[in-house]
Amino acid sequence: MKRILVVDDEENLRLVVRSFLRRAGYEVEVAAGGEEALALIESFGPDAILTDVRMPKMGGLDLLATLKAKGSEITVIVMSAYGSIDLAIEAIKAGAYDYIPKPFKAEEVLLTLKKAEERESLRRENRALKQEIHKKAQFEELLSKSPAMQNIFKTVAKIADFKTTALITGESGVGKELIARAIHARSNRKSQPFIAVNCGAIPENLLESELFGHKRGAFTDASSDRTGLFEQATGGTLLLDEIGELPLALQVKLLRVLQEETIRPLGDTRDLKIDVRILAATHRDLSAETKAGRFREDLFYRINVLPIHIPPLRDRKEDITLLVDHFIARNNLRFATNLRGVDAEARKLLIEYSWPGNVRELENTIERAMVLAEHDVLTAEDLPERIRDAKDPVQLHLMSGELSIKKTSRVVEEILIRRALTKTKGNRTRAAEVLEISHRALLYKIKEYAIDL
Ligand SMILES: Nc1ncnc2c1ncn2[C@@H]1O[C@H](COP(=O)(O)OP(=O)(O)OP(=O)(O)O)[C@@H](O)[C@H]1O
Ligand SMILES: [Mg+2]
């Protein structure tokens with residue numbers, strides 16, 4: 001701290017303070033009021049401002065408010081005469097660093113400046129550390145400080161420039177698409193298109209022409225030529241999202257495309273050479289799908305050259321706070337709000353919850369909470385019921401001191417059955433399959449546990 005601006009309407013005081021500050025080695029400028037001070041701040045660039053509270057026209061509080069509104073971080077110290085202590089306290093509340101009661105001795109002022117200086121250097125250090133942490137935790141659009149994710153970031157950086165196919169797996173909302181985008185952004189293809197296609201969202205009969213294109217007249221509705229996504233992604237990257245949903249007939253065709261690096265648009269007689277980096281993503285366990293005969297084994301081996309498995313959010317709880325802060329800051333900008341964060345109770349609930357919808361669910365939860373928030377921090381009341389009541393039933397049961405294996409198994413069994421039914425959208429045949437019990441046994445248990453669908 002070198003430059004100090006002294007603001008007071010009393011000329012005598014300005015001169016006295018200026019002279020002892022100069023003697024102590026500071027550069028000093030003086031102003032007789034708030035307006036004059038504001039004009040000087042630009043040209044002088046003070047590190048600290050010593051200001052009187054009561055001055056004709058613009059006083060110390062208004063000066064402080066104006067500085068804060070501009071986002072200024074200059075240290076402000078107010079000097080207040082006996083009788084205006086209330087104003088000094090108000091100034092501290094408004095963000096002043098300290099106040100010095102008048103009359104004062106030179107040493108008091110110098111000491112206060114010294115203290116302010118120490119705090120300022122701590123603050124700077126703190127900010128630098130925070131930025132450092134943030135830099136380490138950020139990879140393209142992804143934030144994470146979990147070791148597993150850090151390893152994935154390393155892998156992505158390593159493989160980005162190679163044209164190899166990568167298979168990105170992980171539950172819904174863990175960030176599969178963001179990883180795919182990061183691979184593209186880190187590659188030498190980054191100035192070319194990145195195209196994502198959701199194989200599960202396009203009807204089977206349209207998907208083929210969507211991917212490979214078609215010639216006019218190739219089928220009844222083909223009134224003109226159409227360029228397929230493979231061709232549109234030329235030079236860039238094509239993400240085949242939810243590849244587990246790709247119909248078997250198209251799986252054969254895709255395998256051929258990957259092997260030959262050519263495509264043939266529907267109704268065309270010639271093959272087209274393509275230069276596209278293929279990425280695939282799925283929330284399914286493709287090797288299990290392969291065993292069950294729903295996914296071709298040869299295609300699985302062809303795309304599984306480089307598997308990247310993103311762990312669910314509940315297995316990297318250290319990311320929750322980081323992401324919460326990130327989403328709050330981002331929404332503050334979007335909504336022009338000024339939410340400061342989450343209180344201790346809400347934070348605890350957010351960390352304990354199991355996040356079946358992973359980062360996407362967290363993102364939506366924070367957005368919803370911010371819209372509903374009544375205070376300048378998020379509290380437990382702002383969170384949805386499922387998170388407030390998210391007491392893990394297995395944990396609760398174990399905590400009760402229960403020792404019966406039979407009773408405990410029943411608790412777990414019921415949870416697994418409910419989960420399987422949700423996952424298969426109530427399809428009992430599929431549910432029995434993933435539960436690895438017979439269809440009959442499942443029907444019996446549904447009745448026993450009174451699970452209504
Ligand atoms: N590590 C992260 N840092 C910041 N945002 C993230 C992170 N992971 C995911 N997100 C955000 O969460 C949301 C879901 O991510 P993404 O769409 O990549 O997930 P996904 O695995 O493809 O999900 P789905 O299987 O449902 O398609 C997006 O809005 C994304 O921006
Ligand atoms: Mg996705």
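Predicted model: local features only at pLDDT ≥ 70, side-chain atom pairs only at ≥ 80, totals over all residues.
A polar contact is a pair of N or O atoms within 3.5 Å.

**First stop: ligand 1 and K176.** Select ligand 1 together with K176. An N or O atom in the side chain of K176 is 2.6 Å from an oxygen atom of the ligand, so the pair falls within the 3.5 Å cut-off for a polar contact.

On its own, ligand 1 has 630 Å² of accessible area, of which the protein covers 86%.

**Third stop: the surroundings.** Ligand 1 sits in the second largest pocket. Which elements give two or more residues to the shell around it? They are strand 7 (142-143), helix 7 (176-186) and helix 15 (358-372). Select the 16 residues around the ligand; those that come nearest are L143, G173, K176, R360 and E363. Coloured by type, the shell shows 7 charged, 6 nonpolar and 3 polar residues.

**Last stop: I41.** Select helix 2 (residues 34-44), where I41 is found. Is I41 buried or exposed? It counts as buried, because its relative accessibility is 12% and the limit for that class is under 20%. Finally, select A157 as well: the C-alpha atoms of I41 and A157 are 46 Å apart in space, and the two residues are 116 residues apart in sequence.

Key
Residues numbered from 1 in each chain as written. Chains lettered and ligands numbered in written order. Heavy atoms only, no water. Near = heavy atom within 4 Å. Polar contact = N/O pair within 3.5 Å; in protein donor to acceptor, adjacent residues only side chain to side chain. Areas by Shrake-Rupley, 256 points an atom, 1.4 Å probe, with all protein chains shown as cover. 1 Å grid on protein atoms, 1.4 Å probe; cavity = no way out; pocket = protein on both sides within 12 Å on 5 of 7 lines; lining within 4 Å. Sits in = over half its atoms within 2 Å of the grid points. Helix = DSSP H or I, 4+ residues; strand = E, 2+ residues; numbered from the N terminus. Nonpolar A, V, L, I, M, F, W, Y, C, P; charged D, E, K, R; others polar. Buried < 20%, exposed > 50% of the residue type's maximum accessible area, 1.4 Å probe, protein only.
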